Amino acid sequence: MESKTLTDVLREHPFLEGLKPNHVQRMAEVALEVQFARDQIIFREGDETSLFYLLVSGKVALEVSAPGRIVRIQTLGEGDEMGWSSLLGHAGKTFQARSLEPVRAIGFDATRLRQVWEQDPAFGYQFMVRLLKVVAQRLQAARLQLLDLYAPRGVKLV
Amino acid sequence: MSAVLTAAPPVVPPHMTPVRVASVVKETHDTFTLTLDPQGEEGAGRFSPGQFSMLYVFGVGELPISISGDPHDSGRLVYTVRSVGKATNALVNCQPGQWVGVRGPFGTSWPLEQARGNDVLIVAGGIGLAPLRPAIHHMLRHRDDYVRLMLLYGARSPKDLLYRKDLAGWARLPDTQVLTTVDYGGMNWRGYVGVVTTLFRYVRLHPGRTTAMICGPEIMMRYVIRELEKRALPDADIYLSMERNMKCAVGFCGHCQLGPYFVCKDGPIFPYTRMRPWLEKHEL
């Protein structure tokens, strides 16, 4: 990540903006830098990886496999977070993630993050409030997507 | 068909001008750009970005259509039409040389004077990009009058994206950010997937120094406004293009009434401060 330290990159990431310096430092202690080439499958639906990511650059598509096809649900980019279901201790990933272009990210082992939060619940609360905002935004976006806003009038999704 | 291809212009009602079709170009599977050639009439192609015309297909019907061309090219009138019904079908199936009736231009325009010296954020959904394109043309011709231009554009799918060449060209310009997203992307689509509001994560807005111009389905505009409010953009800097069932275009018939306003006469471009009380009224 150029000459910036991992802590610098985390401090500048929109998801962690405003987080206390000691909390950012705790994040950095369990973080690792990762890169993905274009068209790489980062994780598959059902994978039991416990990694949560903050994207630094590049674009990732979240996909669902349906019989005979793959449906691209959403894209994530610079400043976004990915793989949040790991933080809840879920067994498997709910989507497949594929890099659409070279991607740089910071990965966190969710199990270790949860241990940190158990030792410091105030930090855990701060993090979960941020995460809930992200989840709420994605839920709202998914609802809007369901409305099929740009369909010609009279065309109904039934 | 033969009657409308005759050399002599047809007899039209008062205030309507017969104009020949110069070309019809397919933009997407259901959307076409119609160019009219108002020959001989001094200033007949003049309009302000955001205004609309009433286009009459003889024997079929009359439609309000936003002008989507370059306001500095007064020799032509350009309209982008989505073919969804009898009259729009007839319009997009016009042949070059055919006559159509034109009334207008009508209505209010985008606040390009007020936006001078500011960043400009344009948010368009679906065919809502059409009435915004003249404003973009204007700002690009007077580029020094504006700071950053940001265009967020959402469409249903990649095959529904309008003006692909324009989008690609604008994206290459300095201080111009063009982000496009689709609700449903296929595996060959490498751009963003998601509703247009998700693109706000990738732009940096300066409240108090940004003018927002929005056009798209009303629900989309409501959610776009929420994003702008989250980012503390003052209501007074937000402008919308409203769509209602416009018939007479001069505020007589009442078909397009929205609260105390007639969209055809008082709009279609409104400051959000005037529209705010009416946007979430279920009865309207």
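# Questions about a predicted two-chain model

Six antiparallel bridges join strand β1 of chain A to strand β8 of chain A, residues 103-109, in this predicted model.

Visitor: In which order do the strands of the open sheet in chain A lie?
Guide: Strands of a sheet pair through backbone hydrogen bonds, either parallel or antiparallel. The open sheet in chain A has four strands with antiparallel pairing, and its edge strands, each pairing on one side only, are β1 (31-36) and β6 (81-82) of chain A. Read across the sheet, the order is β1-β8-β3-β6.

Visitor: What is the bridge partner of A:Q35 in β8(A)?
Guide: Strands β1(A) and β8(A) run antiparallel and are joined by six bridges. For A:Q35, the bridge partner in β8(A) is A:R104.

Visitor: At about what angle to β8(A) does helix α3 of chain A run?
Guide: Helix α3 of chain A, residues 110-119, lies across two strands, β3 (51-57) and β8 of chain A.

Visitor: Which element gives the most to the side of chain B that touches chain A?
Guide: The contact between the chains takes 23 residues of chain B and 19 residues of chain A. On the side of chain B, the elements that give two or more residues are β10 (192-193) and α4 (218-230). By class, that side has eleven nonpolar, six polar and six charged residues. The element that gives the most, with three residues, is α4(B).

Visitor: Why is chain B described as being as compact as a globular protein of its length?
Guide: Chain B holds six helices and 15 strands. The globule rule gives 19 Å for 284 residues, and the radius of gyration of chain B is close to that value, so chain B is as compact as a globular protein of that length. Its C-alpha trace spans about 55 × 45 × 35 Å along the principal axes, while the radius of gyration itself is 19 Å.

Visitor: What percentage of the residues in chain B are buried?
Guide: Among contacts in chain B with a separation of 6 or more, residues 24 or more positions apart account for 70%. Of the 284 residues in chain B, the buried ones make up 47%.

Notes: Residues numbered from 1 in each chain as written. Chains lettered and ligands numbered in written order. Predicted model: local features only at pLDDT ≥ 70, side-chain atom pairs only at ≥ 80, totals over all residues. Contact = placed C-beta atoms within 7 Å. Nonpolar A, V, L, I, M, F, W, Y, C, P; charged D, E, K, R; others polar. Pairing = 2+ DSSP bridges. Axes fitted to C-alpha atoms, helices over the stretch in contact; angles between N-to-C directions. Rg over C-alpha atoms; globule rule 2.2 N^0.38 Å. Buried ≥ 20, exposed ≤ 12 C-beta atoms within 10 Å, placed from the backbone.
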